[in-house]
Each structure stands twice: as structure tokens, then as C-alpha cells.
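Welcome! Please take a look at the sequence and the structure below, and then walk through the notes that follow.

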Amino acid sequence: MLKKRIIPCLDIKDGQTVKGVNFVNLTHAGDPVELAKKYEDQGADELVFLDITATVEERKTFVELVKKIARELSIPFTVGGGISAVEDVRKLLNAGADKISINSSAVKNPDLIQELSEEFGKQCIVVAIDTRRVQGKDRVHIKGGREATEWETLAWAKKVEELGAGELLLTSMDADGTKAGFDLRITKLIAETVNIPVIASGGAGTKEDFEAVFAQTKATGALAASIFHFGEVAIPELKQFLNQQNIAVRM
Amino acid sequence: MIAIIKYNAGNVESVQNALFRLGVESKVTDDFEEIRNAEKVIFPGVGEASSAMRYLRDAGLKQLIPTLRQPVLGICLGQQLMCRNLEEGHAEGLGIFDIDVKLFPSDDIVPHMGWNNLKNLKGPLMEGVSEDENVYFVHSYYCENSKYSVAACGYILDFAAALQKENFFATQFHPEKSGKTGTKILENFLKVQGIK
């Protein structure tokens, strides 16, 4: 049986993990490679690294980091953040990333999805969708959720699937940071409509939140950052719990 | 030396990284002589079937690979290309395994992406691997189960997760991305002997 995936997300700036990491037994809490290895050992199924820097110089640092991560990890990982061209993707995949994720650039230029999918294969093209409820409608947001677009979320999800996305990373801006649980409504709606894998993101606070998203929606993965970094939810306990609740996870 | 066959497919470096972690040297190459003389050959890949076959034909590797006597391991698209007919791009494979490669019916999410457990384990490649262990898959096409299957997996239907015929081994999943279980399978491959 296909297992539900638990996916920690690491935000990277200047080659270091940011947003605070509070792990015990880490010599350098900010070192993404060390943290990634730690998560792999704890049973993370996949990892996501988001480059939250913008300058060209810092971008080079990120590519070098991806190479280091690829040498160390024996589980798949996705990289994203500021990717807008075929050449960016080639560099990151050649550096050893398994998948790349695009967001704002896909909204600005939807043809990019098709271009990337044809060039590199759809399995490595993740489209990240940031959604927020505005006047009773689900709207796609870009630029880290700051800017609303004309796209309604469901229509956009269908469109990106048709253009060749291999997977969706769906973040509810309404739930993000609340630790009140994943946004089950939008996750259910999107995951039931598209026929590609959907990763739920935003709002995880407890083990029960993961159970809810897997039991009540067709999401095949769930992503979280701070609750893992601060040890509020530990991956081994989380997986043990999900297993007891009859959610299929890799033990 | 372990030769990793280079063609226009992605993920070749991941295999090299995995071998590096095992302390084994390898070389990514599409050179006919280098591949023919290598101690072992790994044929990885993620990509599109018909363009991959075109590359192999142009490099003279379409003829070479089926005649190799040393252990050969196909991974993912590599496994599919070692079969007979591929539904993807109506490509004709290398025909080492006389089975066909088909697109998953769209009864569930395609691609089959993520960790899934193996069953019906056989042979040296799966030595020490148990049926509750999971490996990482990413694929939309699958190889039918047959007498060559040394591992099966269930997703939408039962399909071949690993194959073997004499010195030819193949996995649909990515051992280089499958944590400890994948590492064990790669180590098993590194131990097998070719045929004289």
C-alpha cells in the first residue's frame, strides 16, 4: 500500500536554515545538511528546501548547498523559491534535486509548467499553490501570499494539472501559522478534483492534525516546518500515532 | 569500476551519490568501450522513453547493453527500457525482458509517487529485505509481473517492482532514494557476479 508522506520543510537563507530551529543534539542548528540528515534518520519521507533569498550571489550558494544535500541524503527532496526559468531548473536538477517547485513564476507564465514538464518530465515538476479565502472565494496568491491573483484556486489547480504538473503543494494562507490544523476544506476540494498527488501544507500543530488531513482528504503528503524544528511534534512519535490510527505510513 | 550509463535522462547523479556514500567509485559515461569493460553497469534514469531510446541507439548502446556479461542494474526508466514494447511514445525497448510496459489505468492518482512496500521477494537482489519494508517509487508506467519478477508491488494493480534474468537486474523503484532499504539493495547488487 502506498504510504502517506511526512515532509519537513526547511527555509534557507545564505546557506543556513532560518525561522529558528530548536533541535537537541545538533552541533550547528542552522546547518541545513545536518538538520536534513537528522530528519532522514527520524523517518521523514521527503524534504523540501525553500530558498528565501533573492540575489544572484545567494542563488549560487543555494545550488552549492543542493549539491551537498544530494550527496548526503538517501531520501528524495524538492527545492523551490524564486525559480523562473528552464536554466534555473536544469542547474538545480543537475545539482541533485529530485523535484523542483515553482509558484509565482507559474502564475505569471503558465506555459512555463508545460515547458518544464516536457523538458524534464512531469514527475519532477511541483507546482506550489498559495490559497486564501477572499470574499467567499478561494484565490491563488503569489509573492509569498502577499499578492492576490485573478485565479480561483480550483480552476488554477485543474489548469496546472493539464499543463503537466506532477504534484501540487497546496498551502492554505488562512491556516498557515495558526497551528489549528490543516485547511481540510480546500485540501479535500483540490485533492478530490485533480488526479495528481497533493501535499497539504499550512496549519499543522498536533499529531491529530496529520491524522485529520489523511483521514478526511485525499492528500498523499503533509508538510510542516516549525512544529518539527521546535520539536513540538517529533516524527517518530507522529508516525507511531498515525500507524495506530490505521493511516498507512512508512515505519 | 562501475559504469553509470549516461543518456538524456535525469537523476544519474543521484545514483553516483548513493555509490559514493557506499565508498564505491563510479563513472557516468556513454562510451561504448568504458561500458563494455566496466566491472558492473548501472542503467538509471528518469525521463521519456522514446527520446531515451533514440539516444541509446545513436551512441551504439542499444546493441551493446543486451550483450553485456557483467551485472547490469536498470533503475526506473532503465528497467522499462530493458523490456520489449513501451506504451510511452510507442518505443521499442532493448528486449532483455520479453514483457511489455504499460500506462497505469487512471483509477487512482498517477504518477504512483511515494513509499510503497514490496512483496514476493526472491533472488540475490532482495537478500535480507523483508516484505514490510518500503521503497520510493515515481512512475506512471509499469512492467507486468512475469517469471522475471523478483519483487512485486501493489498500486492500482499488481506490477513488477524488480526483475532479474541471469546477469540483468532491474528495479522500478529508486534504491538510491529509498533510505536504508535502498542502500541494502544497492549493496546486494554490488555483491553479485556476472556470467562468464
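Predicted model: local features only at pLDDT ≥ 70, side-chain atom pairs only at ≥ 80, totals over all residues.

Residues are numbered from 1 along each chain as its sequence is written, chains are lettered from A and ligands numbered from 1 in the order in which they are written, and side-chain values use heavy atoms, with hydrogens and water left out.

**Salt bridges**

- Over all chains, the structure holds 21 salt bridges (a salt bridge is a side-chain nitrogen of Lys or Arg within 4 Å of a carboxyl oxygen of Asp or Glu).
- A:Lys188 meets A:Glu192 in one of them, at 3.2 Å from N to O.
- Both A:Glu192 and A:Lys188 lie in helix H7 (residues 184–193) of chain A, 4 residues apart, about one turn of the helix. Helices (H or I, at least four residues) and strands (E, at least two) are DSSP runs, numbered from the N terminus.
- An α-helix has 3.6 residues a turn, so residues three or four places apart point the same way.
- A:Glu192 is partly exposed, at 46% relative accessibility.
- A:Arg5, A:Glu46, A:Lys99 and A:Glu167 are joined into one network by salt bridges that share partners.

**A buried aspartate with two partners**

- Which side chain meets A:Asp45 in a salt bridge of 2.9 Å, N to O? That of A:Lys239 does.
- A:Asp45 lies in the loop between helix H1 (32–42) and strand E3 (47–51) of chain A, and A:Lys239 lies in helix H10 (residues 235–244) of chain A, so the pair ties together parts that are 194 residues apart in sequence.
- A:Asp45 is buried at 1% relative accessibility, and A:Lys239 is buried at 3%.
- A:Asp45 also forms a salt bridge with A:Arg250, with the closest N and O atoms 2.9 Å apart.
- A:Arg250 is in the segment after H10 of chain A, so its pairing with A:Asp45 ties together parts that are 205 residues apart in sequence.
- A:Arg250 counts as buried, at 14% relative accessibility.

**Where the two chains meet**

- In chain B, 27 residues are in contact with 29 residues of chain A (contact means heavy atoms within 4.5 Å).
- About 2,400 Å² is buried between chain B and chain A, and carbon and sulfur atoms give 52% of this area. Buried area is the accessible area (1.4 Å probe) that two parts lose on being put together, summed over both.
- On the chain B side, B:Ile109, B:Met113 and B:Trp115 lose the most area to chain A, together 31% of what that side buries.
- How many salt bridges are there between chain B and chain A? The count is 1, and A:Asp98 forms a salt bridge with B:Lys177, their closest N and O atoms being 2.9 Å apart.
- Helix H1 (12–21), strand E8 (112–117), strand E9 (134–139) and strand E11 (149–155) of chain B each give two or more residues to the side that touches chain A.
- E8(B) provides the largest share of that side, 6 residues.

**Cysteines in chain B**

- The structure holds 0 disulfides over all chains (a disulfide is a pair of cysteine sulfur atoms within 2.5 Å).
- B:Cys76 is in no disulfide, and its nearest cysteine sulfur, that of B:Cys143, is 9.4 Å away.
- B:Cys76 is buried at 6% relative accessibility, and B:Cys143 is buried at 0%.

**Backbone features**

- Most residues other than glycine have a negative phi, and most peptide bonds are trans.
- The peptide bond from B:Val110 to B:Pro111 is cis, with omega near 10 degrees.
- A:Asp14 is not a glycine, yet has a positive phi of about 50 degrees.
- A:Gln135 is not a glycine either and has a positive phi of about 45 degrees; A:Gln135 is exposed, with a relative accessible area of 79%.

Technical notes
Buried < 20%, exposed > 50% of the residue type's maximum accessible area, 1.4 Å probe, protein only.
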